[in-house]
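Okay everyone, thanks for coming.

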Amino acid sequence: MREPKPGRKPGIGGTAAGRIVAEDPASYELPDFSALGEGPYPPILLEAFERAGDNFARWGEQVAHAGYCCRPIRIKGHVEQVDRATGEVRTTYTTKGEPDDTLLVACGTRRASKCRSCSTWYQWDAFHLVRAGLQGGKGLDASVVDHPKLFVTLTAPSFGAVHVRRVKGSKVLPCRPRDKDKRCPHGRPVGCSVRHAEGEPTLGTPICPDCFDYDGQVVWNAMAPKLWARFRTYLPRELAAAVGMSHKRLDALVKIRMVKVGEYQRRGAIHFHAIVRLDAAPPEGDPNAVAPPPPGFSLGQLEVVVRAARESVYVECAELAVLGRTDTRLRWGGEIDVRAIRGGGPGELSNEAVAAYVAKYATKFSEALGLPQRPVEDDDDIDALEAPEHVKRLVWAAVVLGGRDELAGLKLREHAHGLGFGGHFLTKSRAYSTTMGALRRVRREHVRRQLAGDQGVVLDAWGRPEDDGLVEIRKSWRYTGWGYLSHGEAWMASTAAARARERRQLAREELDCAA
Ligand SMILES: [Zn+2]
Ligand SMILES: [Zn+2]
Ligand SMILES: [Zn+2]
């Protein structure tokens, strides 16, 4: 077999050197096989033959069980069961005898550019998690559908004029109408009369890059999680003020629960979409209980309160003084979008639409802008990025500011690949709905039961129901690398994945027809 190319160090545990090839099977430029005749065959085909001739059926099963992962984690080891009463040990699984004596495990990434298969699962889970919090399910009562709920978008302030597509009705308006002769200190026109088309690469880029406040924007991105935390703290206080009661009294009556996702705007500023839901305060001893708020709390009230909190909240950022700024307070931008989520009457924002919107960003969070997918280690990498000039300048701003001791607290160097932002893509109140972990556990359990056969009872190594807890399970795994062993293998895995996607699509269409 051809020696696999040396790969980058894997991101897991950092133990053994990964033997990865074929990170992106979608990018293969395959030859026209039908034109090959008697050969000579290209290496990829020879590799595929080799895989096909070596325990292929079991290998295919493993690929399917790993969810058709594009870069599965490779492990060796075994599972043993110990009888708690007698101490007898039986091996229930070993990778010896598996193809390459290896078990393939899904990488589980949420990044679409890393693994199309696993990121689809992540997206699916994000959708179900969000939707359950809107209409019930996954352990949440369906009455949640009647709680006051808002879909809120909070944006960053302006750091300089950028090209925008402005639309009024069906008419596209000029980008930034200004006096034609008016120039900025750098001699550039301050306006732009172009009616920009959708998807134009100039959109979101500054009218004058030298006027644009790159430093200000990366600092804001770095502080955005703090500003969000402050917003969350202030919401109940504003609500207490609105209904004229003490914070303590309010806390005993209602709870505001949320799920929030971050998204980069074209200009490279982070902004947040949040679902804000009003629940009754949970009874003592059951902090995750969800029930409708008591009468007297309305959707209208919640909306007023969200707007008030947006307006009043700020975080003090001493680092701005270091940069010579007189105003050291960071706030939200003036743009706010607040919409009621009512479930799905005509013209209303439906649960599905909101959940799909949030899930869509789950896997594209930092990829749309062409941001680097890992911390910037070498400054030379920045200019080589396949990203717009504006984005590169933002990365540079973060790297340069990140090198200053007085600004170390902002961790701009570490988060330069996030344009300063180092927060999580998705955060939520614990009691909003289920968790990603719980959804994954349910799926694993489902697979376990399916494998157990008709009765759905998983038996231990002595033939007794495993749920009886008569055995202790000991797992011993050794990580040996990730990815497929050859391009031929990766290509076959991606072909199988494509077939599985087709089957799912067909099944869905048949369901639609039957409905
Ligand atoms: Zn994967
Ligand atoms: Zn413009
Ligand atoms: Zn300028």
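So, is the crossing where α3 passes α8 left-handed or right-handed? It's right-handed, where right-handed is clockwise and left-handed is the near helix turned anticlockwise from the far one by less than a right angle.

Quick caveats: this is a predicted model, local features need pLDDT of at least 70, side-chain atom pairs count only at pLDDT 80 or more, and totals for chains, interfaces and linings use all residues. Residues are numbered from 1 along each chain as its sequence is written, with chains lettered from A and ligands numbered from 1 in the order in which they are written.

Back to our pair. The axes of α3 (residues 116–135) and α8 (residues 351–362) come within 8 Å and cross at roughly 145°; axes are lines fitted to C-alpha atoms over the stretch in contact, with angles from 0 to 180 degrees between N-to-C directions. Helices here are DSSP runs of H or I, at least four residues.

Who's touching? Among the α3 residues are Tyr122, Phe127 and Val130, and α8 brings, among others, Val354 and Val358. Contact means C-beta atoms, placed from the backbone, within 7 Å.

Now the core. The largest one has 93 residues, and Val130, Val218, Ile275 and Ala398 touch the most other members. A core is buried Ala, Val, Leu, Ile, Met, Phe, Trp, Tyr and Cys joined through C-beta atoms within 7 Å, buried being 20 or more other C-beta atoms within 10 Å. Helix α4 (residues 214–243) gives the most, 12 residues.

Terms used
Helix = DSSP H or I, 4+ residues; strand = E, 2+ residues; numbered from the N terminus. Contact = placed C-beta atoms within 7 Å. Buried ≥ 20, exposed ≤ 12 C-beta atoms within 10 Å, placed from the backbone.
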